[in-house]
Amino acid sequence: MSKTRQEKIRNFCIIAHIDHGKSTLADRLLELTGEVELRDMEDQLLDNMDLERERGITIKAHAVRLKYKANDGEIYTLNLIDTPGHVDFNYEVSRSLAACEGAILIVDAAQGIEAQTLANTYLALEHDLEILPVINKIDLPSARPEYVIREIEDIIGIPAEDAPQISAKTGLNTEKVLEEIVNKIPCPNGDEDAPLKALIFDSYYDSYRGVIVYVRVKDGCLKAGDRIKMMQTGAQFDVVEVGVLHPNGLIPSSELSAGEVGYIAASIKNIRDTQVGDTVTTVENPAKEPLPGYKKVNPMVFCGIYPADGAQYEDLQEALLKLQLNDASLLFEPETSVALGFGFRCGFLGLLHMEIIQERLEREYNLDLVTTAPSVIYRVHKTNGDILMVDNPTNLPPTVEIDYMEEPMVNADIMVPVDYVGNVMELCQERRGVFKDMKYMEETRAQIFYELPLNEIVYDFFDALKSRTKGYASFDYELAGYKRSDLVKLDILLNGDLVDALSFIVHKDKAYARGRRMAEKLKDAIPRQLFEVPIQAAIGNKIIARETVRALRKDVLAKCYGGDITRKKKLLEKQKEGKKRMRQVGSVEVPQEAFMSVLKLD
Amino acid sequence: MVGVYIHIPFCLKKCKYCDFVSFEGKTSCHKAYIEALIAEMRKYEGMEADSVFIGGGTPTAIEADLLEKLLKACNSNFILSSNCEFSIEANPKTLTDEKLSVMKKGGINRISVGVQSFNDHELCVLGRIHTAEDAYNTVCGIKEYGFSNINIDLMFGLPFQTADTFAHSLNMAAKCNPTHISCYSLILEEGTILEKEYGSGKFTLPSEDEDRRMYDYAHEFLHSYGYGQYEISNFAKAGVECTHNIKYWECMDYIGLGVCAHSLLDGIRFCNTDDLKAYISGETKSESLILTEKDKMEEFMIMGLRMRKGISEHEFFRRFGKDIRKIYGNVLDTHIKNGFIRYADGRYRLSFEAISVSNSVLCDFIL
């Protein structure tokens, strides 16, 4: 008996830790199914942003459709949905998972399971996905497949004895993965006759066609001409085109039916109308209720972004608007700083998200930026009973008006070889962590659970963790509500003038050390000026640290005659240029690097 | 009236700190070079000049007969004003009686002696070929030939130099009793031997603070000996400030003859080739730049403020037809407020404290 349409579809994603070979395996699968000609193969086809290739991470979800002729003679449609691999994008990951029936779990044969992998695997299990473990990098001399198999079985609790042992790099055994997908991952079983329910798992802005929405059709059927409705946002559109996601681009099709993955073009102008996780249905025959799991994502980390050159304010605004077209989670609103002039307060999902946006602004839009220290959202209880959410230290009310403050907490899950447990605990302790639990995964690795304040990990926690564990630790966290905390606002004064852009909120116990460290850093970053510049760190009216930038003593061209003028004038022009790039804070000229240098204090 | 600069790019030995265009040896080129100079001079035949400055390199490195030829050409080619300042640079060791006599006859009335230091160790480190004694004797010799307007170049902030050795050099300079003293802080120019040696740690230099103390001391010392400071590095007895150099600082016209010499004429700045061979064969031109109003205003300020008397607001208006306050009001006010610029009698000038950090002040006049 021939198979039904849905029986010949497999929707799956790949879960892997950074560098465990997700993109390489995806490339091999594309190659094996002949979807991409060898000559078109660019390494790591799926990660098509420069940043993604460089960092070896997936920032945006991608999806491709493959056609595979299996050993049983049937031709299957395989939809690979590539998910972002970072904790900042957890929600996106969960929506991508919800679009699949199965997940390939890639584990590096030398390194074993990492925290990120585990977190995403649990997420996949929550969505009832069939997990197919695959042991990668089997060609490495340090590969320990037996050990990794045991680890998968012990920690995740799924059988891994028959997991394909592959090398995505050399292509060894990769065809086995395709057979596993066909044989083990369940086919979709949507109701084609039911009202349309399609899950949005990604979208991007195309300047000609508007927002292109990536969907997984759960039930029903969708075609051009249908009037659709986003069940969460309520927005309605007329479908212009539907189609499938070929590796080389979008291919229109007559319709998208239950079980299929594809795209919708409907002249959608605003990406905010196409929230990831929303359910698409038809206006004519709407579904009774949306698919579960929708969440409005809220930024957790905020910082001020200013153009280094004030004249670039409009360029910055335009660039942010453009990035926002493709990134509904990026928030920004205008803000002014006495020190930095006109800029934007921007909200991000997390630290990586913030770094990515900053880098893209600088690279893709050629902007020179000054950013302020990242902040989280504090809950401020005022003496008059009001509750204020503060994401910018400058907006903190005066101390006398504050009854108490709360800060956001996270539950962190750190996996590390046992040798580094001490280092990790020390770090977490330094960051005001509260120890929750520790488990030994096997004799060599431990999983440590801490409750940590979010503001302690937004600075440089991940870097510190990596450096103290020689890169072996992996880290995952989830928000865990607010907790009352003894927080103070630390101000920096240059020559007696408050520099608003350098203020930040910090736990009282750490204020002294941080104030001192900031003053020291600033001393190095601020060039000597015509007069002495005192740098002070203060809490309220109390000065807690002081440094001094000595006055410039000698900056003179001793000789300047006829033949020197052109050259010496160039020197002065350069000096003037340098001055222009500095920010005038009261009477002090502060280079933009100074604002940045205090972001990394350790 | 213009100032005339004539460049002699030859030296017996190049000093380690020197980044001018100058060649060691090459004596075989001397004659052809002087002829090329005279040929270039012809282009300006009949021009009126009130200063001529023969510099180098080492002008006294050329032979007496060539020097004579050059001086004659200057006198016949230009119409020199009656009070024309006619300077030549001279180095101890190259200044013979014969050359002095040629100079006297050729109309030279000012000799600038490159002494740099009266400490033999410092001189040696700089790569100078003479001793302190040579320098002293040279100055005395010049006086015997009836030259009364004499400059001595001195340097401070030198490798191994101390407050004491510098004070000694200043004392010796005063003992020579010249009319004019140029007193420079050493600049380690890029690409010089001295810069490389410093980079490789061969010596240390006096700190910025020591350097400035030397400068302050020099200012005080020279003042007490009757040398008034009229520019950042120049001191003179009353009435004998260097006319030629003042032309540079006041952005007046000057023509430069010779390899790599710069000119400013009718608002165009141009510079000759730095290729000796090319120059001798008659290809002089290299680059030229038509100064814009902006260039002229900037240079008027950054050069003019080098002088202790500063710049005149009337002169600014006369040259540019604009009120200086319209262009530079804010900058001037800020620096006046901070005590780096003083205003009196229609003139703006740097305060003494500002001199040591003058770049930070002057760069604000770049528009």
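**Exercise 1.** In the loop between which two strands of chain A is the place of A:Gly225?

*Solution.* This is a predicted model, in which local features need pLDDT of at least 70, side-chain atom pairs count only at pLDDT 80 or more, and totals for chains, interfaces and linings use all residues. Residues are numbered from 1 along each chain as its sequence is written, chains are lettered from A and ligands numbered from 1 in the order in which they are written, and side-chain values use heavy atoms, with hydrogens and water left out. The loop that holds A:Gly225 runs between strand S8 (221–223) and strand S9 (227–230) of chain A, where strands (E, at least two residues) are DSSP runs numbered from the N terminus.

**Exercise 2.** Decide whether A:Gly225 counts as buried or exposed.

*Solution.* Buried means under 20% relative accessible area, exposed over 50%, and partly exposed in between, with a 1.4 Å probe and protein chains only. A:Gly225 has 58% relative accessibility and therefore counts as exposed. In space, A:Gly225 and A:Val239 are 5.1 Å apart, C-alpha to C-alpha, although 14 residues separate them in sequence.

**Exercise 3.** Compare the radius of gyration of chain B with that of a compact globule.

*Solution.* The radius is taken over C-alpha atoms, and the globule rule is 2.2 Å times the number of residues to the power 0.38. For 367 residues a compact globule would have a radius near 21 Å, and chain B, with 21 Å, agrees. The C-alpha atoms of chain B fill a box of roughly 55 × 50 × 40 Å along the principal axes, and buried residues make up 59% of its 367 residues.

How values were computed: Helix = DSSP H or I, 4+ residues; strand = E, 2+ residues; numbered from the N terminus.
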